[in-house]
Amino acid sequence: MAAVFKLACLVLAFMVVAAPYGAEGTLTYGQVAGKVGSCLGYLRGGVLDPDCCPGVVDLLAMAKTKDDRQAVCRCLKYAVQTVTGIKMANVVALPGKCDVTIPYKIGPATDCATYVLFSVVSFCSYICFNPQYLLILF
């Protein structure tokens, strides 16, 4: 119960901090947290929730502009720094688990102003070759 409360507070904090960015069309901390929230158990050393990878893929699809990609990077970097119990090895492994590629590793030292590109090929490979999405495509 305490962990759920902490997560809710973190999401709320993301939303408050991101409010000025929402008006500019960039993704907010609340949107990012909403997409990757189901990954929290895995990031803390647990099992990978079935909703985690679809959320990661959705987030990747939402991050269309440079500002969006930098906002996502800043949100993830902030979460890694502030959420207790995060296992960095799981943070680094998550893109591979979800069959997506990003050109940087999320961590406390990540420079989000420099790394703003996502691989369209990896996004397509996840959608195109994942059985749960094949039904949607055809």
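Does Tyr29 count as buried or exposed, and at what relative accessibility? In this predicted model, Tyr29 counts as buried because its relative accessibility is 11%, which falls under the 20% limit.

**View 1. The aromatic pair of Tyr29 and Tyr78 is edge-to-face.** The count of aromatic pairs comes to one, and this pair is formed by Tyr29 and Tyr78, with 6.5 Å from centre to centre and 70° between the planes. The pair links distant parts of the chain, since Tyr29 belongs to helix H2 (residues 29-36) and Tyr78 to helix H5, 49 residues apart. Whereas Tyr29 is buried, Tyr78 has a relative accessibility of 35% and therefore counts as partly exposed.

**View 2. A right-handed disulfide joins Cys39 to Cys52.** The sulfur atoms are 1.9 Å apart, and the disulfide is right-handed because the torsion about the S-S bond is about 100°. Cys39 lies in the loop between H2 and H3, and Cys52 lies in helix H4, 13 residues apart; both cysteines are buried.

**View 3. A left-handed disulfide joins Cys53 to Cys98.** The S to S distance is 2.1 Å, with -80° about the S-S bond. Cys53 and Cys98 are both buried.

**View 4. Cys73 is joined to Cys112 by a disulfide, while Cys75 is in no disulfide.** For Cys73 and Cys112 the S to S distance is 2.1 Å, and the torsion of about -75° about the S-S bond makes the disulfide left-handed. The link runs from Cys73 in helix H5 to Cys112 in the loop between H6 and H7, 39 residues apart. Cys73 counts as buried at 0% relative accessibility, as does Cys112 at 7%. With the bonded cysteines of the chain numbered in sequence order, the pairing of the three disulfides is 1-2, 3-5, 4-6. Cys75 has the sulfur of Cys112 as its nearest cysteine sulfur, 8.9 Å away, and Cys75 is itself buried, with a relative accessible area of 2%.

**View 5. Helix H6 (residues 88-97) has its buried residues on the same side.** These residues are Asn90, Val91, Leu94 and Pro95, and they lie on the same side of H6 because they cover an arc of only 145° around the axis. What covers them includes helix H3 (40-43), helix H4 (52-62) and helix H5 (66-82). Just after H6, Asp99 adopts a positive phi of about 55°.

Key
Residues numbered from 1 in each chain as written. Predicted model: local features only at pLDDT ≥ 70, side-chain atom pairs only at ≥ 80, totals over all residues. Heavy atoms only, no water. Buried < 20%, exposed > 50% of the residue type's maximum accessible area, 1.4 Å probe, protein only. Helix = DSSP H or I, 4+ residues; strand = E, 2+ residues; numbered from the N terminus. Arc of directions from axis to C-beta. Contact = heavy atoms within 4.5 Å. Phe/Tyr/Trp six-rings, centres within 6.5 Å; stacked < 30°, edge-to-face > 60°. Disulfide = S-S within 2.5 Å.
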